[in-house]
Amino acid sequence: MSATTGATRPPQRSYHGNPVIKEPIWKPEIPWYFFTGGLGGGSAALAYLAELGGHEQLARRAWPIALGGIGVSPLLLISDLGVPHRFLNMLRMFKVTSPMSVGSWLLVAGGATTTVAATNALTGRLAGPARLAKPAAALVGLPISTYTAALIAQTAVPAWHGARRELPAIFAAGAAASAGAAATIATPVRHAAPARRVALAGAAAELLSVQAMEQWLGAVGEPYHVEQAGTYARAARALTVGGALLIGAAGARSRVAAAVGGGMVLAGAVCERWSVFKAGLQSARDPKYVVGPQRERVDGGRGHGASRRALDGRVAEGAR
Amino acid sequence: MSERLRTHAWPGTYDGEAKPRMGFFTDTSICIGCKACEVACKEWNRVPESPQGFTGDSYDNTVDLGANSWRHVAFVEQRKPLGIDAAERSLAEAANLDQLVAETGLQTYQEGDGLRWLMASDVCKHCTEAACLEVCPTGALFRTEFGTVVVQEDVCNGCGYCVPACPFGVLDQREGDGRVWKCTLCYDRLKDDQEPACAQACPTDSIQFGELDDLRERARARVEALAEAGAERAQLYLAGDDDGIGGAGAFFLLLDDPEVYGLPPDPVDATRDLGSTWAAAGVAAAALGAALAAVVLGGRR
Ligand code: SF4
Ligand code: SF4
């Protein structure tokens with residue numbers, strides 16, 4: 001953060017302490033959507049793989065969960081729009097520079113295929129289309145789980161853009177943990193072994209990837225530890241660890257333990273998304289997170305040359 | 001048409017209909033803080049009022065750019081006279097001045113008594129590499145034939161993506177309307193060969209409008225003259241083509257570092273990192289698939 005290495009350097013300056021970039025205007029629908037997208041996408045992949053592995057009971061429960069997650073996602077997104085009835089404008093074009101555009105098309109594809117797959121799993125109908133729809137839904141579910149990380153990373157928000165390499169891993173791990181946990185809750189204990197393994201592996205990966213992000217981000221990651229983001233992060237860790245321990249210890253014997261443990265892992269994934277969301281808002285709000293790293297780049301000769309002073313009669317790059 | 005000023009869509013997508021790239025050179029060294037630009041912009045573009053109350057931050061009650069403020073005059077009061085750097089001249093002198101002010105309550109803003117006023121009229125930069133435009137999923141934000149960046153109000157659905165994407169915090173959502181709004185560089189006036197309202201209203205020509213090439217030429221001469229006159233921190237901001245946003249259509253001459261005016265010292269268009277971002281998301285998706293397959297199928301009995 002703040003650049004105070006040299007003795008003569010003035011402390012970091014700002015304009016009356018005002019923010020430099022705008023805080024995202026997204027409402028609570030968005031962190032919830034991060035969760036439902038991951039739950040839905042991960043569950044589609046889990047359901048398809050369970051079918052492949054002959055775990056019929058598990059697959060039959062995971063498909064509707066996938067449909068629930070992917071089905072509620074567009075509703076959350078539409079409700080967040082400033083002009084909800086214009087939601088179809090999302091499909092006016094396909095822009096690879098806009099993860100939100102890519103994601104809208106992913107949700108269209110995921111919604112259609114998952115609907116067919118879940119209908120078949122529940123009623124046995126649409127067997128023909130389902131043969132194609134199921135692998136397609138599983139495949140599209142994977143990027144649905146991670147593109148939201150790319151979406152927030154493609155902004156000027158320091159805590160998000162700085163974590164563009166780390167956030168997708170956290171979201172992927174959270175998707176696995178959520179899908180495993182939800183299926184663990186919904187499936188009778190003796191059919192749920194693969195779901196429990198997925199929940200445990202996902203929980204472990206989520207804890208590890210959050211840890212890794214903290215290591216790699218260093219000072220840029222500070223917003224993740226403070227204020228509300230920090231509270232959510234600590235809650236996420238406690239819930240994920242507790243839930244995983246419960247599933248691991250008693251999930252194979254007791255349906256109640258499996259349900260409580262699964263619920264805790266799900267809540268942990270929700271809290272982790274909220275932590276990421278809040279960290280972004282916090283870093284956008286405080287000019288020290290926005291100006292600090294930029295000033296360090298400029299002073300360290302790594303700036304892009306936005307400001308140039310006149311030197312020796314020609315306009316040259318200014319060094320302070 | 002200058003090769004250097006080229007953007008992704010301008011002039012390429014306009015063929016013969018492309019116009020010269022137009023922009024603003026805001027020379028803050030001659031701004032008198034009259035806010036005529038703010039008023040003219042509001043009047044011409046029918047921008048709703050933006051009551052912020054009384055901030056106590058010098059004469060600035062507009063606070064920032066946003067949906068209802070497309071020009072914003074910043075006011076900075078500095079206890080440091082032009083040409084005298086506290087580190088160079090005696091610190092005791094600076095302390096004396098401070099004490100004088102404290103003892104007598106004397107508050108004047110004349111040059112030479114240790115206080116100076118910086119004023120600057122901020123606006124959308126109409127970036128060469130505009131992050132807002134790149135992330136807009138609906139195509140509401142587009143590049144005009146003048147090389148400027150404009151929101152189409154009949155397309156924007158208020159998704160809000162452009163708001164945190166802009167490295168300058170220019171765009172915001174309008175309350176009760178849901179869409180985002182920002183400076184259009186008076187697109188309607190440009191089409192009629194008219195000057196934007198703010199530039200026309202500016203009594204000192206602090207806001208200069210014209211072809212970007214000419215403006216840059218003028219700005220270079222001006223910053224050199226100022227440096228010669230002793231304004232050692234005078235600097236051109238976003239006046240090149242090789243900064244983090246590929247240069248701006250609206251650039252500035254500042255008398256101190258950008259952050260003093262609330263501007264980012266090294267803005268970068270996030271789109272420059274699009275490759276590494278998508279790569280990370282792709283790898284994570286693939287790893288998720290592989291891991292699920294291994295865990296679900298691997299444990300098969
Ligand atoms: S300053 Fe912000 S709103 Fe204006 S063109 Fe650049 S990115 Fe877009
Ligand atoms: S809020 Fe409007 S202009 Fe901004 S990205 Fe969304 S659709 Fe485009």
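This is a predicted model: local features need pLDDT of at least 70, side-chain atom pairs count only at pLDDT 80 or more; totals for chains, interfaces and linings use all residues.

Residues are numbered from 1 along each chain as its sequence is written, chains are lettered from A and ligands numbered from 1 in the order in which they are written, and side-chain values use heavy atoms, with hydrogens and water left out.

Stop 1: Select B:Cys41, B:Cys183, B:Cys186 and B:Cys198, which an unreviewed UniProt entry lists under "binding site". They span 158 residues in sequence, yet no two of their C-alpha atoms are more than 10.5 Å apart, so they gather at one spot. UniProt positions follow the numbering used here, feature names are shortened, and annotations may be inferred rather than shown by experiment.

**Stop 2: B:Cys41.** Zoom in on helix H1 of chain B, residues 36–45, to find B:Cys41. Helices (H or I, at least four residues) and strands (E, at least two) are DSSP runs, numbered from the N terminus. Is B:Cys41 buried or exposed? With 7% relative accessibility, B:Cys41 is buried (under 20% relative accessible area; exposed is over 50%, partly exposed in between, with a 1.4 Å probe and protein chains only). Setting aside residues up to four places away in sequence, B:Cys41 touches B:Arg46, B:Val47 and B:Trp70, a contact being heavy atoms within 4.5 Å.

**Stop 3: B:Cys183.** Move on to the loop between strand S7 (180–181) and helix H5 (187–191) of chain B, where B:Cys183 sits. B:Cys183 is buried too, at 6%. Beyond its neighbours within four places in sequence, its contacts include B:Trp70 and B:His126.

**Stop 4: the ligands.** Select ligand 1: of the 14 residues around it, B:Cys124, B:Lys125, B:Cys127, B:Cys132 and B:Cys166 come nearest (near means a heavy atom within 4 Å). Its shell has 11 nonpolar, 1 polar and 2 charged residues. Nonpolar covers Ala, Val, Leu, Ile, Met, Phe, Trp, Tyr, Cys and Pro; charged covers Asp, Glu, Lys and Arg; the others, Gly among them, are polar. Around ligand 2 there are 13 residues, with B:Cys136 among the nearest, and no charged ones.

**Last stop: disulfides.** How many disulfides does the structure hold over all chains? The count is 0, a disulfide being a pair of cysteine sulfur atoms within 2.5 Å. Back at B:Cys41, the closest cysteine sulfur is in B:Cys186, 6.3 Å away and too far for a bond.
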